[in-house]
Amino acid sequence: MGKTAVIFPGQGAQYVGMAKDFYDSFEDSKKVFDEADDVLDIELKKICFEENDDINKTEYTQPAMVAAEVAIYEHLKNAGLKADVFAGLSLGEYSALVAAGAMTLADGIKTVRRRGILMQNEVPLGMGGMAAVIAMDADKIAEICENTPGKVQIANYNCPGQIVISGEAEAVKAASAALAEAGAKRVIPLNVSGPFHSQMLVPAGEKLYDFLQGVDVAEGFAPYYCNADAEEITDAAKVKELLKRQVYSSVRWQQTIENMIADGVDTFIEVGPGKTLTGFMKKINREVKSINIATVDDLAKLEELNA
């Protein structure tokens with residue numbers, strides 16, 4: 001029997017109404033949202049469920065996403081889902097830590113709220129940028145970034161054929177032009193509020209690390225795979241350093257999935273809004289099973305998976 005991994009999407013997958021049907025249908029999901037609201041004294045339920053402008057503001061998006069993802073997972077766990085390992089893309093790493101038992105929901109929610117504020121405020125709006133690069137070799141992209149004046153680097157290794165770059169706005173613009181000229185199929189500027197996962201956020205990572213000193217990471221949690229190194233983590237002493245580095249390091253998602261498969265994972269369950277990670281999976285490895293659970297209707301997919 002192979003292993004089962006639960007994986008959580010990151011910022012960008014959010015939408016108004018996410019996890020509302022779980023909140024309305026299941027007491028265990030409702031408790032997660034109620035606790036998250038109490039912890040922050042913010043109406044996350046309103047941000048998640050009702051039309052508003054805050055859902056796409058980083059400082060609100062991050063705790064709202066974690067609340068929604070953990071709310072769905074909590075019901076799945078109580079309904080009998082047994083996961084062997086966990087992982088999450090960028091922000092989703094915090095949902096993975098809560099699900100794995102490394103961090104309480106309260107600490108996870110408080111940490112991502114601080115993380116969102118730090119990431120938002122570190123670089124003035126308009127000074128940084130990001131772009132998705134379609135259909136170009138990762139090594140070639142890295143080489144062009146290194147040869148571009150200014151600060152620009154690979155931010156996300158999402159899947160074969162999809163890399164994201166990040167850094168100073170002008171450097172990203174120059175690198176994008178060079179990448180297009182060198183043969184990238186498309187280079188798409190992203191509508192983001194900052195240069196996430198770039199060296200411009202090193203100070204934000206350091207400030208987050210200071211905040212994390214007041215957060216407990218429990219021993220004996222279920223294994224999870226970190227973004228910064230794409231490796232399985234079971235040592236509580238490593239977690240805070242990895243979360244610091246994650247703020248300004250490349251998200252090695254493709255490598256994470258490849259390492260999980262090499263370690264015996266053959267079933268992936270994406271928990272949370274959208275199906276971005278399931279889409280990436282089809283490009284990384286079509287041999288493994290992969291489903292997404294975003295709505296109550298999606299629960300039927302679990303029965304099909306076990307059939």
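Colleague: Which residues does Ile 55 touch, not counting residues up to four places away in sequence?

Modeller: Ile 55 touches Gln 14, Tyr 15, Val 16, Met 18, Ile 47 and Thr 61, where contact means heavy atoms within 4.5 Å. This is a predicted model, in which local features need pLDDT of at least 70 and side-chain atom pairs count only at pLDDT 80 or more, while totals for chains, interfaces and linings use all residues. Residues are numbered from 1 along each chain as its sequence is written, and side-chain values use heavy atoms, with hydrogens and water left out.

Colleague: Is Ile 55 buried or exposed?

Modeller: Ile 55 is buried, with a relative accessible area of 4%; buried means under 20% relative accessible area, exposed over 50% and partly exposed in between, using a 1.4 Å probe and protein chains only. Ile 55 is found in the loop between helix H3 (44-49) and H4, helices being DSSP runs of H or I with at least four residues and strands runs of E with at least two, numbered from the N terminus.

Colleague: How many residues does H4 have, and how many of them are buried?

Modeller: Of the 21 residues of H4, 17 are buried, so the helix is largely enclosed by the rest of the structure. From its first C-alpha to its last H4 reaches 30 Å, close to the 30 Å expected at 1.5 Å a residue, the expected span being 1.5 Å times one less than the number of residues. Gly 80, which follows H4, has a positive phi, near 115 degrees.

Colleague: Switching to the sheet, what is the strand order?

Modeller: The open sheet has 6 strands in the order E8-E7-E2-E1-E9-E10, with mixed pairing, and two strands pair if DSSP finds at least two bridges between them. Strands E8 (232-233) and E10 (289-293) stand at the edges with a single partner strand each, so one side of each is left without a neighbour in the sheet. E2 (residues 85-88) and E7 (residues 224-225) pair in the parallel sense over 2 bridges, and Ala 87 has Tyr 225 in E7 as its bridge partner.

Colleague: And which residues have the most contacts inside the largest nonpolar core?

Modeller: They are Phe 33, Phe 86, Tyr 224, Ile 269 and Ile 293, in a core of 76 residues; a nonpolar core is a set of buried Ala, Val, Leu, Ile, Met, Phe, Trp, Tyr and Cys residues joined through side-chain atoms within 4.5 Å. H4 supplies the largest share of this core, 11 residues. Apart from that core lies another, of 18 residues, including Tyr 225 and Phe 268.
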